[in-house]
Structures are given as structure tokens and as C-alpha cells.
Amino acid sequence: MGLYAVTVIGRDSPGAVAEVTRAVAGGGAIGDSSMSLLDGYLTMTLVVSAGLSGDVLGENLTRGIPGLAVAVTDLARPPVTPPTVAASEGAPASPGSGEIMDADRLGYALTLHGPSGTDALSVTTGLLAEAGCSVTSMTTRVAGNLFVLVADVELPAQADVASLMRAMAAALDGFRIAFRPADPAVM
Amino acid sequence: MEDDSRTCLIEGVVTAPHSLLVTPAASVDPADAVVPAVVRHLVGAMRSMPGCRGLTAPQLGVGWRLMCLDVSGHPSTRSCSGELVIANPEIVEAADWDVAREGCVSVPGLAAEVARATQITVQGVRPGTGEPMTFHADAFEARCVQHQIDHLDGLLFLDRVAGTRAVHAVRKGGQAA
Ligand SMILES: [Zn+2]
């Protein structure tokens with residue numbers, strides 16, 4: 001059984017989401033998925049367990065939903081990374097941003113808004129990465145001249161949130177930036 | 001209680017998907033001889049799970065309207081009744097809604113933003129004696145009570161999610177697990 005990420009992008013139309021899910025479900029079982037309209041275009045990403053090869057799954061989907069661009073990525077195949085000294089010495093690899101993190105991380109919701117048409121997104125994510133944050137969910141929207149970013153981020157417990165906010169404020173003149181704690185309370 | 005499928009006490013906590021989590025629980029006779037044992041188990045289970053602030057009988061396999069909570073020490077707590085165990089609780093007044101993120105030991109791995117009243121009045125009875133009780137809760141204690149009463153009504157926080165962007169995967173070991 002293979003595990004694949006299926007991405008579907010194209011012009012939105014009535015019933016398009018139903019067509020996509022029907023076609024994908026015909027090839028395998030859908031797990032995590034997200035769908036949104038980006039600037040009016042349908043974008044879907046679905047994690048699919050399938051007994052088919054990725055190539056066959058992709059061909060089936062391209063035939064099943066001809067108006068939409070389909071790409072299939074094999075998630076089970078390990079990414080090709082150059083060997084590191086640490087790896088060759090048998091040391092455990094440090095987790096990347098997509099890895100499961102330890103319990104010593106704090107969840108925050110980051111919201112940012114300001115003028116559109118700037119490099120605010122790359123500046124923000126760059127500063128987050130420098131501070132050791134991982135982004136677990138992110139959405140940006142543009143409405144007229146307004147740019148809005150909402151993200152769920154995880155900070156290392158020892159991270160200095162205040163200095164991160166100061167660095168962001170300095171780099172993003174004219175933007176309102178807010179971090180609020182977003183660790184769920186268990187009930 | 002062994003011959004009643006609604007009252008089958010289990011070790012551990014029932015996790016979704018499970019029929020007990022989507023079935024309204026039955027009113028409990030507070031004087032039932034089994035109630036003290038269920039209450040002990042309920043409070044013990046809540047205490048045994050780090051970060052757990054409340055628990056209901058259905059989450060332990062018992063389809064009775066019985067809940068416990070203790071929000072002592074939580075940073076969002078204002079009103080605090082300490083450890084409370086209530087049978088047949090009902091919200092009789094609710095006001096001032098607010099949105100915050102919740103997790104649940106029965107829904108490991110997910111959390112969501114949920115709107116809840118921040119001021120509530122609750123009526124119920126004390127397990128054992130059946131003595132009527134009325135109490136007021138606000139802020140985090142009010143949220144926790146509503147979360148537990150939802151369990152008794154067969155609802156999860158997922159049933160009250162505000163929108164598609166309000167559900168979050170929780171990856172940290174100590175949270176909502
Ligand atoms: Zn719960």
C-alpha cells in the first residue's frame with residue numbers, strides 16, 4: 001500500500017470538489033486533506049493510501065478530472081538528501097520542520113496584516129525559521145491593498161517571543177503583528 | 001452494572017470514533033449503589049492524565065450523566081470550585097460568548113477553536129446524596145463545564161468548530177493526548 005500526496009489545481013466550477021473526491025476515492029482512501037479557493041482557483045491537497053503505483057494513480061486522476069491539473073507525490077519514498085557527517089557517523093538526525101516535535105514547544109497563533117504587494121510573507125517565515133519556529137498551518141489572503149497572514153507556529157520553549165516580535169516589527173514596518181498563545185486546554 | 005451495556009466501566013478513556021461519544025447519556029440515579037465506584041474511577045482517571053481538567057462517565061464507558069472537573073491552577077481560570085462531581089448537570093443560564101482552543105482526551109491529536117459562554121449557571125445533584133446543587137462558573141471553568149455537558153449530550157468539541165480553519169493537528173506529546 002502506497003502513501004501519496006495528490007494536489008489538484010484548476011478553475012473552480014459547481015461540483016468540482018465532488019468530482020475530485022470521487023475520482024481520488026476511486027483510487028484509494030483519503031486521509032488528511034485541505035481545500036481552498038486561492039484567488040478563485042480551486043486548490044486541493046489530499047493524502048491518499050492506494051494500492052496503485054503513483055504513476056497509475058496520476059494517470060487515472062488525469063483521465064477522471066480532465067479539466068484540472070493533477071500531481072501525485074510518493075510520500076513513502078524517502079527524500080533524496082546528501083549524506084551528512086553526522087549521519088555517516090550514525091548520530092540521530094535532527095528533526096526538520098515537518099517532523100514530530102518534542103513536548104517542549106509552545107503553540108502560538110500568529111496574525112499579521114498590512115499592505116499587500118510586499119515581501120512580508122518571506123520576511124516573516126524567514127524570521128520564524130531563524131528563531132527555530134515551525135509553521136504547522138498557514139493562510140494568506142489579499143483583499144484590495146490589504147495583506148493578511150494567519151499561521152499556527154510552534155516555538156521552542158526557550159524562545160524569546162518578545163525579541164522575535166521586536167525583530168518582526170523592525171523588519172515589517174506598517175504591519176500589525178500579534179502572537180497569542182494557542183496551546184489547547186485539554187478537557 | 002455488568003448486565004447493563006450502558007454501564008460498563010473500562011480502564012482508560014474511550015476515544016473517537018466511538019458510539020458512546022455520540023450518544024446522549026442517560027439520567028443517573030444519584031443513590032444508585034454503583035455510583036460511588038464510578039465517581040472514584042472518574043476522579044481517579046482525571047487525576048491520572050496530565051493536564052486533564054474534566055471527564056465524564058461516557059468517556060469511561062458508562063452512559064450516565066455524571067461529570068467531574070477541576071480547573072485549579074489553569075492560567076485562564078477565574079471562578080474555581082475546586083474538584084466538583086455533578087450528576088445530571090444542566091445549564092440554566094449562559095451569557096457572554098468567547099472563542100478559545102480546546103482539546104479532549106477522547107479526541108487525541110486534534111484541537112479546535114470553539115465558542116462557549118463565559119458566564120454560566122449550572123444545576124445538578126450531588127452523587128450519593130442526591131442533594132440539589134446550583135453553582136455559577138465563569139471563564140475557563142465555564143468552558144470546561146460546557147465541554148463536559150456536551151459529552152453527556154453526545155457532542156464533541158468537533159461538533160462546535162467555527163470553520164474549516166479552526167481544527168488543528170496537535171503534535172505535542174503532552175497536549176490533548
Ligand atoms: Zn472531552
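## Exercises on a predicted two-chain model

Along its sequence, chain B runs through the pattern α-β-β-β-β-β-α-β. The model is predicted.

**Exercise 1. State how many helices and strands chain B has, and decide whether its radius of gyration agrees with that of a compact globule.**

Step 1. The secondary structure of chain B consists of two helices and six strands.

Step 2. For 177 residues, a compact globule would have a radius of gyration near 16 Å; the value for chain B is 15 Å, which agrees.

Step 3. Along the principal axes, the C-alpha atoms of chain B fill a box of roughly 45 × 30 × 25 Å.

Step 4. Of the 177 residues in chain B, 53% are buried. Among contacts in chain B with a separation of 6 or more, 66% are between residues 24 or more positions apart.

Step 5. The accessible surface of chain B is about 7,700 Å², and carbon and sulfur atoms account for 53% of that surface.

**Exercise 2. Identify the donors of the zinc ion and describe their spacing along the chain.**

Step 1. The coordinating atoms are SG of B:Cys104, NE2 of B:His147 and NE2 of B:His151, at 2.1 to 2.2 Å.

Step 2. Along the chain these donors follow the spacing C-x42-H-x3-H.

Step 3. B:His147 and B:His151 lie in helix α2 (residues 139–152) of chain B; because they are four residues apart there, about one helical turn separates them.

Step 4. B:His147 and B:His151 are both buried.

**Exercise 3. Find the residues that touch the most other members of the largest nonpolar core, and the element that gives the largest share of this core.**

Step 1. The core has 23 residues, and those touching the most other members are B:Val38, B:Leu55, B:Trp64, B:Leu66 and B:Cys68.

Step 2. Two or more residues each come from α1 (35–48), β2 (66–69) and β3 (84–103) of chain B.

Step 3. The largest share, seven residues, is given by α1(B).

**Exercise 4. Work out which residues of helix α2 of chain A are buried and which elements they pack against.**

Step 1. In α2 (residues 54–64) of chain A, the buried residues are A:Gly54, A:Leu57, A:Gly58 and A:Leu61.

Step 2. These residues span an arc of only 100° around the axis, so they sit on the same side of α2(A).

Step 3. The exposed residues A:Asp55 and A:Arg63 are on the face of α2(A) turned away from the buried side.

Step 4. The packing partners of the buried residues of α2(A) are β1 (2–11), α1 (16–25), β3 (41–50) and β4 (69–74) of chain A.

Notes: Residues are numbered from 1 along each chain as its sequence is written. Chains are lettered from A and ligands numbered from 1 in the order in which they are written. This is a predicted model: local features need pLDDT of at least 70, side-chain atom pairs count only at pLDDT 80 or more; totals for chains, interfaces and linings use all residues. Side-chain values use heavy atoms; hydrogens and water are left out. Buried means under 20% relative accessible area, exposed over 50%, partly exposed in between (1.4 Å probe, protein chains only). The arc is that of the directions from the helix axis to the C-beta atoms. Contact means heavy atoms within 4.5 Å. A nonpolar core is a set of buried Ala, Val, Leu, Ile, Met, Phe, Trp, Tyr and Cys residues joined through side-chain atoms within 4.5 Å. Donors are N, O and S atoms within 2.8 Å of the metal (3.2 Å for Na, K and Ca); water is not among the atoms, so sites may look incomplete. The radius of gyration is taken over C-alpha atoms; the globule rule is 2.2 Å times the number of residues to the power 0.38. Accessible areas come from the Shrake-Rupley method with a 1.4 Å probe; for residues, only the protein chains shown count as cover.
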